Amino acid sequence: MVRKVWLVMGALLLAANAVAADFGTKGGPAPANVDEIAAVLRQDPYDLELLVSFGTSKGGSAGHLALAVRDAAGGDDLVYSANFYADRDEKHAKDFYTDALMVRIPKSEYLFGTSSTVSDKASFGLDFGEIYKRSVVGIRVYGVPAAEKEALVVYFGRINDDFRRRAHDTEYHRGEVKYDYLRLNCAKTIGSAFRFGAGYRDLDVDDTWRLLKRPVVAAVNANIPTEMALKLAEQWNARGYGLDVVLYRKYPGSGYVDPHDQEKVAFKDLPNRFPSVLSRDFRREAGEYEDEDNLFAMYLLYNLGRYSVRVNDATKRLEIEKRRTPMAYPEAARLALESAGSDSAKYAQRAAFRPEGTRIGEIGN
């Protein structure tokens, strides 16, 4: 009897290990050529990369925003990403990494890794392995002074120091410094580092501290990842910095199910929605955006596109799917604005038409 029990337990363990080893799952193999593709992309002399992750819910899906800073020594870029679970919730402290508000993660790990160098409690699909859960748009920035990059890194450290000492009422946040989906989220932390750390005094970073007792109004005034990305792109253009875009496509075959989620849905079956601005589109399904602001964002990022990167499903290796010559920002923005206005008006007429603009991230684009 004992022998049978051990045989059954051994079979279950082997089955569990086999599942864990599947490609695109936590603890499984990653693409074998991550370093090779990273080296190709790093041939371009960008300095920063703003990483805008797609949303994974059907409605109200704002996505996520993080910033990669290029290492002058030639190592991997380092991503600074607000920690969704650093909110002082005891349940989160038990199951998730909560030691820092701004987590620092190697970019290859953030995008393609299946294990974390940060913590065993890091969240797969959020802190690492983003592309197995959703697509990511990387807005790369050229010509950024070294002092500005250093100021950003120092400011992220300052936010972490404030978090650890439970600081209140700082220049960038009213109330206790901890993650809050509406009041101190990914977009606000990134925007604050540029405004107060790097001296972007004209950058609009919303502060909802006056609306603490009015959560519905606070949601309307919250910082939104795509909107912050567009604000920063305007700031970079005004400073004379160059811009282009890399689309990191979602790997569509991940069978991983996050055990912490109430609704058990495999990553491959989650929506992969362009992160909506706060607009009439905010509750629409993926592929149904009609609001001018969302169309402008998707068209602009497509016009700035240089590369599209994906996992080849047959070989399980990364490949540069497309190479394009990006438009300069002024031309990209002008065409995006014209196309978005025209297309949005035609959508309102409910008649079939061929859109003037091209949306980033959609199949074939």
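Which residue forms a salt bridge with Glu 290? The partner is Arg 350, with the closest N and O atoms 2.8 Å apart.

1. Basis. This is a predicted model, in which local features need pLDDT of at least 70 and side-chain atom pairs count only at pLDDT 80 or more, while totals for chains, interfaces and linings use all residues. Residues are numbered from 1 along each chain as its sequence is written, and side-chain values use heavy atoms, with hydrogens and water left out.

2. Salt bridge count. A salt bridge here is a side-chain nitrogen of Lys or Arg within 4 Å of a carboxyl oxygen of Asp or Glu. The rule gives 25 salt bridges. One network of them links Arg 42, Glu 49, Asp 77 and Lys 107.

3. Glu 290 and Arg 350. The bridge between Glu 290 and Arg 350 links distant parts of the chain, 60 residues apart: Glu 290 is in the loop between strand S6 (242-248) and helix H9 (292-303), and Arg 350 is in the segment after helix H10 (329-348). Helices (H or I, at least four residues) and strands (E, at least two) are DSSP runs, numbered from the N terminus. Glu 290 counts as buried at 16% relative accessibility, whereas Arg 350 counts as exposed at 58%. The classes are buried under 20% relative accessible area, exposed over 50%, and partly exposed in between (1.4 Å probe, protein chains only).

4. Arg 158 and Asp 162. Their closest N and O atoms are 2.6 Å apart. Both residues sit in helix H5 (residues 146-164), four residues apart, or about one turn of the helix. Asp 162 is buried at 2% relative accessibility; Arg 158 is partly exposed at 28%.

5. Arg 166 and Glu 176. In this salt bridge the closest N and O atoms are 3.6 Å apart. Both residues are in the loop between H5 and helix H6 (186-197), 10 residues apart. Arg 166 is partly exposed at 49% relative accessibility, and Glu 176 is buried at 19%.

6. Nonpolar cores. A nonpolar core is a set of buried Ala, Val, Leu, Ile, Met, Phe, Trp, Tyr and Cys residues joined through side-chain atoms within 4.5 Å. The largest has 63 residues, and Ile 139, Phe 194 and Trp 236 have the most contacts inside it. H9 supplies the largest share of this core, seven residues. A second, separate core has 32 residues, including Leu 51, Ala 66, Phe 124 and Tyr 251.

7. Phe 194. Contact means heavy atoms within 4.5 Å. Leaving aside neighbours within four places in sequence, Phe 194 is in contact with residues including Leu 48, Leu 67, Glu 148, Tyr 200 and Trp 236.
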